[in-house]
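The sequence and the structure are shown first.

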Amino acid sequence: MADIISIARGVFENKKADILIGYTKATSEGRTRPVIVRSADEVQNLVLNSSCLNNLATYLTRKENKGKKVAIVAKGCDIKSIVQLIAESQIKRENVYIIGVKCNGVKRSFEGEDSKKIAEKCLNCNVRTPHLADETVDMSDEGLTGKDEKAELIEKLDSMSAEERFAFWEEQFEKCIKCYACRQACPLCYCERCIADKSMPRWVESSPTKRGNFAWNIVRAFHLSGRCIGCNECERVCPAGIPLSLLNRKMVMVAKSEFGYESGMSADAPTLIGTYDLKDKEEFIK
Ligand code: SF4
Ligand code: SF4
Ligand code: SF4
C-alpha cells in the first residue's frame, strides 16, 4: 500500500484538493503537529505514526479553509467528526477529500508514562478501518497496550448519589482556568461566536470563578450532547487535567442506550438533537 507522502503527492498531481491537512514532526522529540500542505513540493515532511494524536477535522470549519477543496488525513475517530460536520451542514462531502487511516491505536500522550500506553478511546474502537474515505493508508501498529481506567471511574460515578456526583464535578471544575483549549481543539465546537465570549448579556462569567467554571463546563457538555464523537481531544489538551471524557463518554452512552444513536457514523441519518420523535423518552426531564 502507498505511504502518506506518495498519496499526498498524488492528491496535488491529480488536482484532487487545493490544500492538504496532515501531520509533520514537531521540534520536540517524539511529537507531531498539524501541518497544511499547499503543493506537491511540500509533501516530503509529512509523517504518519502513533504519535499523530491531533484530530485534524477541527481545521475544516476554519474561515480560511472555507470555499477550498481540502484533503485531510483522518483516523476513524477523526472521520466520525467529518461525518458529523457533514450531517450538521457545516461542510460539504464534495469539498473534502478523505485520506482514511487504517489504525490500531495512538499513544495516550506525547510524553511521560502515558506515551507508552494506548489512548483509552482506542480500546473499544469500532472504526479502526475507516468508515468513510476516498483512499486509505496504513499506519504502523506499534503494539500499544493499556487499561481503560475511565470506564471504572464512570461506573463509580454512576453508583454515587446526585449530591456526591455534584461534589465530584465541583471539585474538578474548580481547576478550570478558562483557557478554552477544550473548545479550540474540539471539531464540533464551531460556532463563530461562542456563548462564553458573548458579553451583552454575559451568559458565562469570563474569569475562572467557581460559578463561571461550572456554567462553562456544563454548557459545553450540553452543547455537545448527542454530537460528541469521543475523539477526546478536549481532555488531552486541558492543561488543568480535568477528566472531561467522564462527562462526554457518559453523554455518548446515554445517547446510545436511550435513543439508539451514535454520532459520526452516518451523514444521512437524522441528527439526535435536530430530530423530534413522538416516541422520544421524556422521563429524564421530569
Ligand atoms: S479511536 Fe480508533 S481510529 Fe481513533 S486513534 Fe484509536 S484506534 Fe485509531
Ligand atoms: S467534546 Fe471532546 S471528545 Fe467530544 S468531539 Fe469535542 S473534543 Fe472530541
Ligand atoms: S481546557 Fe480545561 S482548563 Fe481550559 S477551559 Fe477547558 S476545561 Fe477549562
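Helices (H or I, at least four residues) and strands (E, at least two) are DSSP runs numbered from the N terminus. The end C-alpha atoms of H5 are 16 Å apart, which agrees with the 16 Å that its 12 residues should span at 1.5 Å a residue; the expected span is 1.5 Å times one less than the number of residues.

The model is predicted: local features need pLDDT of at least 70 and side-chain atom pairs count only at pLDDT 80 or more, while totals for chains, interfaces and linings use all residues. Residues are numbered from 1 along each chain as its sequence is written, and chains are lettered from A and ligands numbered from 1 in the order in which they are written.

Tyr 180 is placed in the loop between H5 (162-173) and H6. Tyr 180 counts as partly exposed because it has 16 C-beta neighbours inside 10 Å.

## Strand S1 and its partners

Strand S1 (residues 19-25) has five buried residues out of seven, so the rest of the structure largely encloses it. Two strands pair if DSSP finds at least two bridges between them. With strand S4 (residues 70-75), S1 pairs in the parallel sense over three bridges, and Ile 19 stands opposite Val 70 in S4.

The pairing of S1 with strand S2 (residues 32-37) is antiparallel and has six bridges; Tyr 23 has Pro 34 of S2 as its bridge partner. These two strands form a hairpin with six residues between them, and Gly 30 in the turn has a positive phi of about 85°. S1 also pairs with strand S3 (residues 46-47), in the antiparallel sense over two bridges. There, Thr 24 stands opposite Leu 46.

## Backbone geometry

Most residues other than glycine have a negative phi, and most peptide bonds are trans. Lys 15, which is not a glycine, has a positive phi of about 50°. Lys 15 lies in the loop between helix H1 (4-13) and S1, and counts as exposed because it has 8 C-beta neighbours inside 10 Å. For Tyr 180, phi is likewise positive, near 65°.

The peptide bond from Met 200 to Pro 201 is cis, with omega near -5°. Pro 201 is found in the loop between helix H6 (181-185) and helix H7 (210-223).

## Ligand surroundings

A residue is near a ligand if its C-beta atom, placed from the backbone, lies within 6 Å of it. Ala, Val, Leu, Ile, Met, Phe, Trp, Tyr, Cys and Pro count as nonpolar, Asp, Glu, Lys and Arg as charged, and the others, Gly among them, as polar. The residues around ligand 1 include Cys 77, Cys 103, Cys 122 and Cys 125, together with Lys 75, Lys 121 and Arg 128. H2 and H3 are the elements that give two or more residues to this shell. Its composition is seven nonpolar, two polar and three charged residues.

Ligand 2 is surrounded by 13 residues, the closest being Cys 186, Cys 228, Cys 231, Glu 233 and Cys 234. Nine residues of that shell are nonpolar, three polar and one charged. The surroundings of ligand 3 include Cys 176, Cys 179, Cys 182 and Cys 238, and also Tyr 180 and Lys 178. The shell around ligand 3 has 10 nonpolar, one polar and one charged residues.

## Domains and their contact

The protein chain is divided into domain 1 (10-138) and domain 2 (149-285), with bounds that come from an automatic or database domain assignment. The domain centres, taken over C-alpha atoms, are separated by 23 Å. In domain 1, 21 residues are in contact with 19 residues of domain 2, contact being C-beta atoms, placed from the backbone, within 7 Å.

Helix H2 (76-87) and helix H3 (120-123) each supply at least two residues of the side of domain 1 that touches domain 2. H2 gives the most, with nine residues. That side of domain 1 has eight nonpolar, seven polar and six charged residues.

## Asp 280

Asp 280 is in the segment after helix H9 (244-259), and counts as exposed because it has 10 C-beta neighbours inside 10 Å. The C-alpha atoms of Asp 280 and Gly 100 are separated by 35 Å, the two residues being 180 residues apart along the chain.

Methods
Buried ≥ 20, exposed ≤ 12 C-beta atoms within 10 Å, placed from the backbone. Contact = placed C-beta atoms within 7 Å.
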